Amino acid sequence: MDFSELGLSPELLRAVSDVGYTSPTPIQEQAIPQVKRQRDVLGCAQTGTGKTASFVLPMIDMLAAGRSRVRMPRSLILEPTRELATQVADSFERYGKYHRLTMALLIGGERFGDQERKLDRGVDVLVATPGRMLDLYGRGKIILSDVRILVIDEADRMLDMGFIPDVERIVGLLPKPRQTLFFSATMPAEIRRLADAFLTDPVEIAVAPPASPAATVAQSLTVVDPRDKREALRRLIRSEEVKNALIFCNRKRDVDILCKSLTRHGFDAAPLHGDMPQPKRTETLERFKNGEVRLLVASDVAARGLDIKGMSHVFCFDVPIHAEDYVHRIGRTGRAGMPGRSLMLATPEDGPAVAAIVKLIGKDIPIMTIEGIAPAELAFEDRPRGRSRTPRAGHNRRAAETASDARRLPASAPAARRARGTGDKPRADTAAADGNVMHFPRVAPRRTEPRRSEARADRSEAKIVGFGDHLPAFLARPPKVAARG
Ligand code: AMP
């Protein structure tokens with residue numbers, strides 16, 4: 001099919017051709033005619049399917065017919081993260097370059113003043129995250145009675161991030177006769193319930209997820225002692241031809257720590273996480289996209305859905321807590337048919353989390369060893385309960401405990417053992433080639449409680465009341481049972 005068959009205006013077709021698209025993606029083919037017919041749409045589609053253009057393109061033509069009034073936007077697009085909202089706003093600008101529509105991007109972390117001035121001039125399209133949208137509404141800066149088109153994008157992420165009450169409030173503020181387009185990558189019962197409440201007689205469109213990154217990205221896994229992680233990462237980066245890379249950490253504060261460490265070692269790195277002021281986040285992302293920064297150390301939320309062309313590498317400095325995040329992470333590379341490479345570092349205690357990832361992607365991740373770094377083994381069993389440990393002073397205690405646990409655990413990675421001490425350059429061995437694969441004895445249930453390492457880290461920060469930093473030894477000793485005479 002050709003874009004010209006979708007009933008789009010000549011201006012839009014020109015903009016689409018300028019962007020370099022030759023034919024519509026399946027979601028565009030199915031959704032664009034329905035949106036133009038003013039039908040409500042329930043779209044089951046992920047990022048990477050071209051779903052943004054499936055609502056932005058017809059909206060531009062529909063909005064071109066009228067003009068907005070001061071503070072009275074005519075359409076509203078809700079996005080779960082600032083980065084996704086910014087990306088959608090960019091799409092509006094690219095596809096709408098031959099139209100004279102006005103748009104305001106309302107995201108947290110930016111100054112209210114600029115956003116309010118835009119609203120005062122009158123905007124056709126609002127692209128917003130729910131929190132900032134409600135803040136501005138509460139300040140009396142937005143009148144919603146003119147909104148005729150509402151888009152709720154990435155509804156399942158909104159749910160994950162706890163934004164559904166805000167979304168419900170916003171929908172309750174909108175006029176009833178309106179067109180609603182609702183997109184979600186998955187349709188759990190809670191999302192279905194929302195769709196039923198928000199949509200009127202919707203057309204349902206479901207498209208297959210884009211080719212799983214698990215199939216197109218060359219992946220590897222390296223298991224090391226926690227003390228070796230940073231050195232291992234540095235060696236991996238040096239051994240690969242990294243044009244640009246995202247490096248994922250599980251926690252925001254680790255993003256800063258790792259980024260500083262990489263910079264100290266001469267790497268060109270910048271951090272990206274949700275605690276940074278928004279102007280700094282935007283600036284960092286721009287510098288990364290322009291190639292001024294080579295390594296972006298990021299948290300999952302800040303980097304979600306980022307569409308950066310030609311990213312050569314993704315490094316998982318931590319094994320993600322939720323297996324699905326692994327797919328999101330590695331999907332940042334190998335986009336649009338380009339080759340991609342992802343390398344994950346794990347420590348012994350990550351065994352269950354790695355097993356969950358392998359189960360999700362349905363294939364083993366080849367093991368890679370690193371010259372000069374002793375490979376470790378994944379551990380799959382929890383520490384025996386009730387064993388008392390006397391905390392010792394010293395910041396390496398955690399690492400030492402983990403490493404000694406790993407030594408006790410049954411051999412689960414023959415590859416890692418064989419590779420130990422070989423002094424090879426980093427090398428990836430595939431399961432099919434030589435049986436050099438991890439064996440996963442069991443898959444951990446999805447973790448709902450903090451991981452042990454997190455819990456320990458939290459404990460280490462918590463104020464200890466009573467014993468200071470010292471646990472008297474008698475408390476850690478098992479009680480003696482008196483011998484009967
Ligand atoms: P999205 O799913 O909206 O995040 O889009 C994913 C990527 O596909 C973005 O980089 C878009 O620029 C690109 N894209 C969208 N529509 C098309 C198309 N018809 N042909 C080629 N690329 C497209």
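Which residue lies over the face of Tyr-98? Arg-14 does, at 3.9 Å from the ring centre. The model is predicted, with local features needing pLDDT of at least 70 and side-chain atom pairs counting only at pLDDT 80 or more, while totals for chains, interfaces and linings use all residues. Residues are numbered from 1 along each chain as its sequence is written, and side-chain values use heavy atoms, with hydrogens and water left out.

**View 1. Charges over rings.** Besides Arg-14 over Tyr-98, the charged end of Arg-139 sits over the ring of Phe-112, 3.6 Å from its centre. A charge sits over a ring if NZ of Lys or CZ of Arg is within 6 Å of the ring centre and within 35 degrees of the ring normal.

**View 2. An aromatic pair.** The whole structure holds 3 aromatic pairs. One of them joins Phe-55 and Phe-183, which are tilted at 35° between the planes and 5.3 Å centre to centre. Rings of Phe, Tyr and Trp (its six-membered ring) pair if their centres lie within 6.5 Å; planes under 30 degrees apart count as stacked, over 60 as edge-to-face and the rest as tilted. Phe-55 belongs to helix H3 (residues 51-63) and Phe-183 to strand S6 (residues 179-184), 128 residues apart. Helices (H or I, at least four residues) and strands (E, at least two) are DSSP runs, numbered from the N terminus. Both Phe-55 and Phe-183 are buried, where buried means under 20% relative accessible area, exposed over 50% and partly exposed in between (1.4 Å probe, protein chains only).

View 3. A nitrogen atom of the ligand is 2.9 Å from a polar backbone atom of Ser-23. Oxygen atoms of the ligand lie 2.8 Å from a backbone N or O atom of Gly-50 and 3.4 Å from a polar backbone atom of Lys-51. A polar contact is a pair of N or O atoms within 3.5 Å; within protein, one must be able to donate a hydrogen and the other to accept it, and residues adjacent in sequence count only if both atoms are side-chain atoms.

**View 4. Surroundings of Ser-312.** Ser-312 is placed in the loop between helix H14 (300-303) and strand S12 (313-316). Ser-312 counts as buried because its relative accessibility is 15%. Its side chain reaches the backbone nitrogen of Lys-243 at 2.9 Å.

View 5. Met-133 is in helix H6 (residues 130-138). With 1% relative accessibility, Met-133 counts as buried. Met-133 and Leu-76 are 57 residues apart in sequence and 9.8 Å apart in space, C-alpha to C-alpha.
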